[in-house]
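Dear colleague,

I am handing over the structure we spoke about, and I would be grateful if you could look through it before reading my notes.

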Amino acid sequence: MKKGQFSRDWSLLKLARTWEPRDIGGEVIERVLREGAPEAVMDILHVIRDIGFEDGEKAKERMPPFMQPAEILESTLLVAGVQMEREEEGSGEDGLVITVHLDETGLFDYPFTMAEPAAAYVAGFVQAVAGAATVSRSGNFLLIHF
């Protein structure tokens, strides 16, 4: 039995109401990170770090010259809704430590639920904004030492 125009239109309307397009990029990257060859994993993390670096350079260019790297980084993290803590271990910017929580909320709007891509992105961002700062990882936290 051949469907009529009304039946086709009704089916399309039902499909349109329930259709949920999605970006599968994050899912693909997560699968490769979990199941891929070590070389592929390193390549992906390197690309994500480069993207973080490029974004950090853009952020630094938009900020006034009097802003310190730590202020730029803190401002960006706050605006992005990233949970973090600031700890002063000395005077001025020397001895400052920013702890970034790598939870599963999607750091910087990336669709990842894994901490590795977020850590790579933040490391690249920090390198661009504050080249002298060091980034280390402790579990689900990134420690940024100025």
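This is a predicted model: local features need pLDDT of at least 70, side-chain atom pairs count only at pLDDT 80 or more; totals for chains, interfaces and linings use all residues.

Residues are numbered from 1 along each chain as its sequence is written, and side-chain values use heavy atoms, with hydrogens and water left out.

An open sheet is formed by 4 strands in the order S1-S2-S4-S3, with antiparallel pairing (strands are DSSP runs of E, at least two residues, and helices runs of H or I, at least four, numbered from the N terminus; two strands pair if DSSP finds at least two bridges between them). Its edge strands, each pairing on one side only, are S1 (84–88) and S3 (134–138). S1 is joined to S2 (residues 96–101) by 5 bridges, and the bridge partner of Met84 in S2 is Val100.

Within strand S1 lies Glu85, which counts as partly exposed because its relative accessibility is 44% (buried is under 20% relative accessible area and exposed over 50%, with partly exposed in between, using a 1.4 Å probe and protein chains only). Leaving aside neighbours within four places in sequence, Glu85 is in contact (heavy atoms within 4.5 Å) with Val97, Ile98, Thr99 and His101. Although Glu85 and His101 are 16 residues apart in sequence, their C-alpha atoms are 8.4 Å apart in space.
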